[in-house]
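User: Could you walk me through this model? I would like to go over the folds of the chains and then how they meet.

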Amino acid sequence: MKQHDPIARLRQRAYRHTFEDGIADIVVGVYTLMIGVATQRRIFIVLAAVYLVIMQQAWRSLHRQVSGPRTGYAELAEEPPQKLLVGIMAAGIATMGVVAAATWSSGNLWNLTFWPNWAPVLAGAILAGGFLHTATRFGLWRCYAYTAAALGGSLFFWLFPFGSAINPSDRLTLFLFSLAGAIIATGIVVLVRFTRRTPAVAAGDANDR
Amino acid sequence: MTGDNDAVDLESIARVDRLVHEPGRLMVLACLSVVERADFLYVMRETGLTQGNLSSHLAKLEAAGYVAVEKTFAGKVPRTMLRLTDHGRQALRAYRDTLIEVLGRLP
């Protein structure tokens, strides 16, 4: 018999509430876009960390302004995202294992001259790990689509014979730009639908008397 | 002797926290138990209670120290933020434990 756990459903609804306005998608997309630009710089890791803090603040503020008057505002309990980090690390390590096996079989174990070729696969696997964790935890179809896009896109930008049309190191940047574009476009569609379908509640009706 | 034992078992039902036991208030507490804090509108939508009904329940929960109510402003718009206190969380857990104790062996 299927167990019914109302508290688990309440928790999932609270998590889904944070995603239903599409702001999170847009912010993640813009972050991915900024990371795509940052990969061309030597201080990539520093920029990624700084951007993460900025985008988190931006999301909180925008989400509060858009969802607050319409569906209310809820702050989730801050949990250490251990499962998310484990998922991302597992995806990254698995990819590195595949790369090691491929380079070892050709007699060039960890030959880093080819890293621009497989960098999109590594980035795609890491992103897919994060999206898949979010999808399974919150039951969001969009994140399943992002998982598929991250994996499919990374394979395309790894294997497609661009030839001399682009610099090999641009494969990663192009992959991140493409994925960011898809995520931002989806987020905008979700945001427009959300604002149209969910009118703002009058301030007097949304508060304690 | 059997009658005495039955009386003892029935007494545990009477120990149920009536403030938590009311369905409307139980919904509010359950809703707040899964978030750090939430505003009035969020709780109203999640529980399906009317504004007046929710206000009434919140007044009782706040008086008991189960829920903290904070009036803030988002720009010029007033906002009522609600948070389950530690005391409220303990009361909710105690209520759950009592129900399990009383009804856990229901055939």
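**Contacts, sheet and helices**

Analyst: Among contacts in chain A between residues at least 6 apart in sequence, 78% join residues at least 24 apart, where a contact means that the C-beta atoms of two residues, placed from the backbone, lie within 7 Å. This is a predicted model, in which local features need pLDDT of at least 70 and side-chain atom pairs count only at pLDDT 80 or more, while totals for chains, interfaces and linings use all residues. Residues are numbered from 1 along each chain as its sequence is written, and chains are lettered from A and ligands numbered from 1 in the order in which they are written.

User: And what is the secondary structure of chain A?

Analyst: Chain A has seven helices and one strand, in the pattern α-α-α-β-α-α-α-α along the sequence; helices (H or I, at least four residues) and strands (E, at least two) are DSSP runs, numbered from the N terminus.

User: How do α5 and α7 of chain A cross?

Analyst: The axes of α5(A), residues 115-138, and α7(A), residues 170-197, come within 7 Å and cross at roughly 30 degrees, which makes α5(A) roughly parallel to α7(A). Axes here are lines fitted to C-alpha atoms, for helices over the stretch in contact, with angles from 0 to 180 degrees between N-to-C directions; angles under 35 degrees count as roughly parallel, over 145 as roughly antiparallel, 65 to 115 as roughly perpendicular and the rest as oblique.

User: Which residues meet there?

Analyst: From α5(A), A:P116, A:N117, A:A119, A:P120, A:A123 and A:G124 meet A:R171, A:L172, A:F175 and A:L176 of α7(A). The residues of this contact divide into seven nonpolar, two polar and one charged, with Ala, Val, Leu, Ile, Met, Phe, Trp, Tyr, Cys and Pro counted as nonpolar, Asp, Glu, Lys and Arg as charged, and the others, Gly among them, as polar.

User: Switching to chain B, what are its elements?

Analyst: From the N terminus on, the elements of chain B run α-α-α-β-α-α-β-β-α. The radius of gyration of chain B is 17 Å, well over the 13 Å that the globule rule gives for 107 residues, so chain B is more spread out than a compact globule; that radius is taken over C-alpha atoms, and the rule is 2.2 Å times the number of residues to the power 0.38. Along its principal axes, the C-alpha trace of chain B spans about 65 × 25 × 20 Å.

User: Which strands form the open sheet, and in what order?

Analyst: Four strands form it, in the order β1(A)-β1(B)-β3(B)-β2(B), with antiparallel pairing; two strands pair if DSSP finds at least two bridges between them. Strand β1(A), residues 74-76, pairs with β1(B) over three bridges, and A:E75 stands opposite B:R37. Two bridges join β1(B) to β3(B), where B:A38 stands opposite B:L82. Eight bridges join β2(B), residues 67-74, to β3(B), residues 77-84, and B:T72 stands opposite B:R79.
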